[in-house]
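Student: I have a model open and would like to go through a few details with you. Can we start with a side chain and then move on?

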Amino acid sequence: MGLDLDRPERDGACHCGAVRFHVRLSDGLRTARRCTCSYCTMRGAVAVSAELGGLTFMQGEDRLGVYQFNTGTAKHHFCSS
């Protein structure tokens, strides 16, 4: 069974399970890409696109940390546990 690229809604979690969320993706998994900043490169992070209103935290939002680099415009959220 292959990966369903068209499914726009997904549930997800951080590696330790402290943060859980539901997201409605802009174009399924077709927007998946590697972030090339030093922080994400060290962790092998993959990013996908979603509208800000398409993300709902089910638990652990208080466990999120924020990493900003360069201009400080982009905010990269990560599990701080």
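Student: Which backbone nitrogen lies 2.9 Å from a polar atom of the side chain of threonine 31?
Tutor: Bearing in mind that this is a predicted model, the backbone nitrogen of serine 49 lies at that distance from a polar atom of the threonine 31 side chain.

Student: And where does threonine 31 lie?
Tutor: Threonine 31 lies in the loop between S2 and strand S3, which covers 33-34. Leaving aside residues up to four places away in sequence, threonine 31 touches Ala47, Val48 and Ser49.

Student: Switching to the sheet, in what order do the strands come?
Tutor: The order is S1-S2-S5, with three strands forming an open sheet whose pairing is antiparallel. Strand S1 (9-13) and strand S5 (50-59) stand at the edges with a single partner strand each, so one side of each has no neighbour in the sheet. On average, and ignoring direction, neighbouring strands of this sheet are turned by 25° against each other.

Student: How many bridges join S1 to strand S2?
Tutor: Five bridges join S1 to strand S2, residues 20-25, and the two run antiparallel. Within that pairing, glutamate 9 has arginine 24 as its bridge partner in S2.

Student: New topic: how many disulfides does the count come to?
Tutor: The count comes to zero disulfides. The closest cysteine sulfur to that of cysteine 14 is in cysteine 16, and at 3.6 Å it is too far for a bond, because a disulfide needs the sulfur atoms within 2.5 Å.

Student: Is cysteine 16 buried or exposed?
Tutor: Cysteine 16 is exposed, its relative accessible area being 52%.

How values were computed
Residues numbered from 1 in each chain as written. Predicted model: local features only at pLDDT ≥ 70, side-chain atom pairs only at ≥ 80, totals over all residues. Heavy atoms only, no water. Buried < 20%, exposed > 50% of the residue type's maximum accessible area, 1.4 Å probe, protein only. Pairing = 2+ DSSP bridges. Helix = DSSP H or I, 4+ residues; strand = E, 2+ residues; numbered from the N terminus. Axes fitted to C-alpha atoms, helices over the stretch in contact; angles between N-to-C directions. Polar contact = N/O pair within 3.5 Å; in protein donor to acceptor, adjacent residues only side chain to side chain. Contact = heavy atoms within 4.5 Å.
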